[in-house]
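The exercises below take a reader step by step through one structure. Please look at the sequence and the model first, and then try each task before reading its solution.

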Amino acid sequence: MRVIRAGGVGTGVLAAAYGVWLLLDLGWANTRSTLLWLVGGVVLHDGVFAVLVLAVALVALRLVPRDRLAPWVVALVILVPVTLAGIPELGRFGARPDNPTLLDRPYWLGWSVMVTLVVAGVLVGAVATRRRTAVRGGDDDTGAGGR
Amino acid sequence: MKLPLISAALGSDVDSTALDRPTLERGPGVISRRGLLRTTWVATGVAVLATAGSTVPWLRKVSVLGVRSGTGPQGVPINHSAVYRGVVAAATSPAYRLTVAYGDRQARLSLADLRAMSLTTASLPIACVEGWSAGATWTGVPVRALLDLVGTPGGSEVLVESLQEHGGERLSTLAGNVADHPHTLLALALDGEPLSLDHGFPCRLIAPDRPGVLQTKWVGRLEVAT
């Protein structure tokens, strides 16, 4: 076991060193941008986004009964990532007046339609699950899946 | 090493709590693990549908967050406009001439001269490294016919130079066999209409099997070294 562990550590250190060496080869400006990108992502995710999610969860747990939260979680897990990914389009960053073929959609309208469809789907799923568990007479098995 | 534990956990039911850490709080979550997993699949699907249409044409209608709808003037999107590249004056000037050079032999052709030549029509895709692609019908003068005007031997490598003064796509090189291909055109028209300014008016290169960034727009000069 000790040999396997040492092998794993050794391989990892070697691979990391090779990566650092390749990175330094790109020149300082690129290295700095890469580090900024890597560290920035972690800081934004763990330092900002995770804290926000926990805060929202804390508030939601106080406002909504625990067994009614599943549809909200499903809707947010679907909608938040795609909305974050859509920030460049929704904010029209990089749009140019001389190039109408770029960012040429009604993004807020499309986003609203998408949100409406997802929320409607989640509601239908929630009602269906509730009916099913009511018919069975059993407890809600928190099966929010499949929605 | 946690490999045996990882392997056991991956092999057991996703909702099983047998391998949980003892310190983990028990009790049903707001959503089951299986439910959360399924939700992430749906989330991935929604994100793909919402954005992939910029690259996958049949998804265009549903990709509400796609960076391009995939159309543009004459049905083809544009990366860099004539305004952006600062070529409007040079490209629309009546004094425009295309220079074809082979050593000290030179031909200078006006747009009317080009239009009077024998034209070829070819259906060729334009595929951009930014991710979009579009098929179109191009009409123009085969590059080979232009090279013949100055007696360039077959198989010559051609340097294509744009009127634009800056930008990575200002210059491109046509390998000899590509330059001689009958579908390698200096296009004057797109889908039967004169090229729009943003598509490279008065003429642009369009050749088979080339990334869009090498299909030089606003061509001002074709040169073959002796």
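**Exercise 1.** With which residue does Arg144(B) form a salt bridge, and how far apart are the closest N and O atoms?

*Solution.* Before starting, note that this is a predicted model, in which local features need pLDDT of at least 70 and side-chain atom pairs count only at pLDDT 80 or more, while totals for chains, interfaces and linings use all residues. Residues are numbered from 1 along each chain as its sequence is written, chains are lettered from A and ligands numbered from 1 in the order in which they are written, and side-chain values use heavy atoms, with hydrogens and water left out.

The partner of Arg144(B) is Asp180(B), with 2.7 Å between the closest N and O atoms; a salt bridge here is a side-chain nitrogen of Lys or Arg within 4 Å of a carboxyl oxygen of Asp or Glu. Arg144(B) belongs to helix 6 (residues 143–149) of chain B and Asp180(B) to the loop between helix 7 (176–179) and strand 7 (185–190) of chain B, so the pair ties together parts that are 36 residues apart in sequence. Helices (H or I, at least four residues) and strands (E, at least two) are DSSP runs, numbered from the N terminus.

Next comes accessibility, where buried means under 20% relative accessible area, exposed over 50%, and partly exposed in between (1.4 Å probe, protein chains only). Arg144(B) counts as buried at 14%, whereas Asp180(B), at 25%, counts as partly exposed.

**Exercise 2.** Which residue meets Arg34(B) in a salt bridge?

*Solution.* The side chain of Arg34(B) meets that of Asp13(B), at 2.8 Å from N to O. Because Arg34(B) lies in helix 2 (residues 33–51) of chain B and Asp13(B) in the loop between helix 1 (3–11) and helix 2, the pair ties together parts that are 21 residues apart in sequence. Arg34(B) is partly exposed at 31% relative accessibility, and Asp13(B) is partly exposed at 43%.

**Exercise 3.** Is strand 1 of chain B enclosed or open, and which strands does it pair with?

*Solution.* Five of the five residues of strand 1 (residues 98–102) of chain B are buried, so this strand is largely enclosed by the rest of the structure. Two strands pair if DSSP finds at least two bridges between them. Strand 1 runs antiparallel to strand 2 (residues 105–109) of chain B, joined by five bridges, and pairs in the parallel sense with strand 10 (residues 219–224) of chain B over four bridges. Tyr102(B) has Arg105(B) as its bridge partner in strand 2 and stands opposite Val224(B) in strand 10.
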